[in-house]
Amino acid sequence: MIIKIIAIIIGLAILLMALIAVYNKKLIVAIVAAGVVSLFASVMYLLLSAPDVAMTEAAIGSGLSTIIFFYVVNKIRKNRKDHA
Amino acid sequence: MLKKIFTAAVIVAFAIILLKGYGFSGPDQQLNEVAERYAEKGPEEVGAANLVTAVIVTYRGLDTLGEVTILFLTASIIGFFLKTRREDLTAPPQVRKTSEILSTASRIISPIIFLFGAYVFINGHLTPGGGFQGGAIVASGLVLMLLANPLKTVNHKIISVVESISGISFVLLGVLGLVLAAGFLDNAFIGPGRFGSLISAGAIPIIYIFIGLKVGSELSGIVSNLQETQKEEI
């Protein structure tokens, strides 16, 4: 029962973060929100007793891909500054 | 207006499909035929305490080889398109200083993350996790290191040598299974060992160590290529 309640709360948090990631105008906020979606999703996988998938999601989804997005945004901003 | 109605209709249809397909009745009461076969015969045939590993490395080993190959292709394409002009750099690039907390913490935490990644892929046949997860954890340790010292460069020679050697060894182990045991990537050519101990499940630990090294070096290569693009032309 308590796991169900936690799962519902996490699901709502995932929805909220996904909406922030889509609708926020600031790219940095959107990237962090997308990373948080992955983090909550990995907790969700753990609750659904899939620890293998949870590990992958936590390491790749919220760790590596967030950093890669940050690198790309940084690069794009730099290029824009050069051309302006 | 029409567009919004259409979107709402699609979402409702999707919800109906999901409700019909999965329901909220909880997990299935019975395994399907293939899963039942794996669950019943897996421990005695493969000898891995973690059944997911038995499926990924042995029963569906060819899929894993394909996944690793796709990851390799991705890494090499990224490396190809992000070729940096390192010769043009005369003045040392200027980067913002990292905070004291990050640089101090990374010195302590990064080795622990590397160790944990190695633990995850060495114990892939006993505990949750395995080559992919361990490799990803190793790569995230490298990310922490690169974030703490932006001027650090990763030696691409070492990464590509580790990557190629582990890829070749993975395929060779598969062929060894074909020659000495029942089929490609069969793990039975090494004795099964005692069920649940570290040296058990035949060749699975060896294969998983190579997969872990391969995935770790590929992801590290991607990240370090992207990190090098941050340095040029500031």
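**Helix 6 and helix 8 of chain B**

Helix 6 of chain B passes helix 8 of chain B in a right-handed crossing, meaning that the near helix is turned clockwise from the far one by less than a right angle. This is a predicted model, in which local features need pLDDT of at least 70 and side-chain atom pairs count only at pLDDT 80 or more, while totals for chains, interfaces and linings use all residues. Residues are numbered from 1 along each chain as its sequence is written, with chains lettered from A in the order in which they are written. Helices here are DSSP runs (H or I, at least four residues), numbered from the N terminus.

The axes of the two helices, lines fitted to C-alpha atoms over the stretch in contact, come within 7 Å and cross at roughly 30 degrees (angles run from 0 to 180 degrees between N-to-C directions). Contact means C-beta atoms, placed from the backbone, within 7 Å. On the helix 6 side, the residues involved include Gly131(B), Gly135(B) and Leu142(B), and they meet a helix 8 set that includes Gly212(B), Gly216(B) and Val223(B). The contact splits into 12 nonpolar, 8 polar and no charged residues, with Gly counted as polar, Asp, Glu, Lys and Arg as charged, and Ala, Val, Leu, Ile, Met, Phe, Trp, Tyr, Cys and Pro as nonpolar. Neighbours within four places in sequence aside, Leu142(B) touches Ser220(B) and Val223(B).

Turning to the other chain, 17 residues of chain B are in contact with 13 of chain A. Helix 6 of chain B gives the most to chain B's side, with 7 residues. That side has 10 nonpolar, 7 polar and no charged residues.

Technical notes. Contact = placed C-beta atoms within 7 Å. Helix = DSSP H or I, 4+ residues; strand = E, 2+ residues; numbered from the N terminus.
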